[in-house]
Amino acid sequence: MYVLGIETSCDETGVAIYHDQKGLINHFLYSQVDMHSEYGGVVPELASRDHIRKLVPLIKKLLQETNLKNSNINGIAYTAGPGLMGALLVGAATARSLAWAWQIPAVAIHHMEGHLLAPMLEKNTPTMPFIALLISGGHTLLVHVKAIGNYQLLGESLDDAAGEAFDKAAKMLDLGYPGGARLAALAEQGEPKYKFPRPMTDRPGLNFSFSGLKTFTLNTLKNSDKSQQDKADIAAAFQTAVADTLTIKCKRALKQTGLKNLVVAGGVSANQQIRNALTEMTSKEHANIYFPRLEFCTDNGAMIAYAGYQRLFTGHQQQDLAIIAQPRWLLTAIENRP
Ligand code: KG4
Ligand code: ZN
């Protein structure tokens, strides 16, 4: 069973082929970052147009370099949401059209389900049930994963997502867009001298709030000399506050559910300090932790191909010929499977 995965929810065109026995066969990613950075953020219309330009040539290249023919592909998975409407439509319409032409099924995948299954592409995979911390540019979710498709939301961000907070703080520090990884690099040259809050950790519950950290960053910067060292120290303090906050909540979620497996995925899970803090906590708690490899923390086609394989060929999920694109779509609203 070969499944072609297509990801076009935001500013990355990702394609991949997953095989049920051989695992991930190949994958390609085209990032639009250079195009959007000129504008300081993603311009949705430019994103859609670029997906149109890049997607079909990328699929052609993937098949050619993998030595597979159209007739070898048994199913297609595409990201149907959440994301930018125009960008999603490019992937959805392309996937549906190819599936129609090739006479194979296609399935709509929830982008965050893709992220949460990304660690399944590694050698050491988590067994369900587990807790998933999903930290991306658009979402911060703590989920009790009971089985594929059976997700219980334990907590979420009430305002900015973790990645969004990283990007906004990075902008204040003049790091440009996208800022998460750049802020992380700057933080390495600083010390967390400034005392940042750990939002919502002093009260019960598993929700997050990151917009206060953004304001705190701005005020701290205003009151500093704005030297390069000050900026590095602020970046370090910001990152430490996010890492601490995520760690406190994950520890709480493990305690509350009695589970011993933690999965951490989404773009911000590429952050080394956050990976280290969570790894240290799970080892103290005698729990196990699982991350995707760095390139599959951020958006990619591989996670969508894997989720598609699960949905198409292990759960007998049937879908009609509709082209599905849902910019807003709750992870817990996707169809539960037995
Ligand atoms: O999962 P993702 O690629 O796209 C969404 O689904 O949103 O996540 C992108 C987010 C951006 O906010 C980016 O700044 C952040 O992940 N990010 C990082 C790092 N690498 C990417 N944040 C902190 N540290 C990093 N190393
Ligand atoms: Zn994502």
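Guide: In this predicted model, strand S1 (residues 2–7) and strand S4 pair in the parallel sense, over five bridges. One of the positions involved is Ile6, whose bridge partner in S4 is Tyr78. S4 also runs parallel to strand S5 (residues 106–110), and five bridges join the two. Here Gly81 has His110 of S5 as its bridge partner. S4 itself covers residues 73–81, and eight of its nine residues are buried, so the strand is largely enclosed by the rest of the structure.

The zinc ion (ligand 2) is coordinated by His111 (NE2), His115 (NE2) and Asp299 (OD), at 2.0 to 2.1 Å. Along the chain these donors follow the spacing H-x3-H-x183-D. His111 lies in helix H4 (residues 111–117), while Asp299 sits in the loop between strand S10 (288–290) and helix H10 (302–313), so distant parts of the chain, 188 residues apart, are linked. His111 has a relative accessibility of 6% and counts as buried. Asp299 is buried as well, with a relative accessible area of 12%.

Elsewhere, two helices pack together. The axes of helix H5 (residues 162–172) and helix H8 (residues 228–257) come within 11 Å and cross at roughly 170°, and H5 and H8 are therefore roughly antiparallel to each other. H5 contributes Ala165, Phe166 and Ala169 to the contact, and H8 contributes Phe238, Gln239 and Val242. Of the residues in this contact, five are nonpolar, one is polar and none is charged.

Terms used: Residues numbered from 1 in each chain as written. Chains lettered and ligands numbered in written order. Predicted model: local features only at pLDDT ≥ 70, side-chain atom pairs only at ≥ 80, totals over all residues. Heavy atoms only, no water. Donors = N, O, S within 2.8 Å, 3.2 Å for Na, K, Ca; no water. Helix = DSSP H or I, 4+ residues; strand = E, 2+ residues; numbered from the N terminus. Buried < 20%, exposed > 50% of the residue type's maximum accessible area, 1.4 Å probe, protein only. Axes fitted to C-alpha atoms, helices over the stretch in contact; angles between N-to-C directions. Parallel < 35°, antiparallel > 145°, perpendicular 65-115°, else oblique. Contact = heavy atoms within 4.5 Å. Nonpolar A, V, L, I, M, F, W, Y, C, P; charged D, E, K, R; others polar. Pairing = 2+ DSSP bridges.
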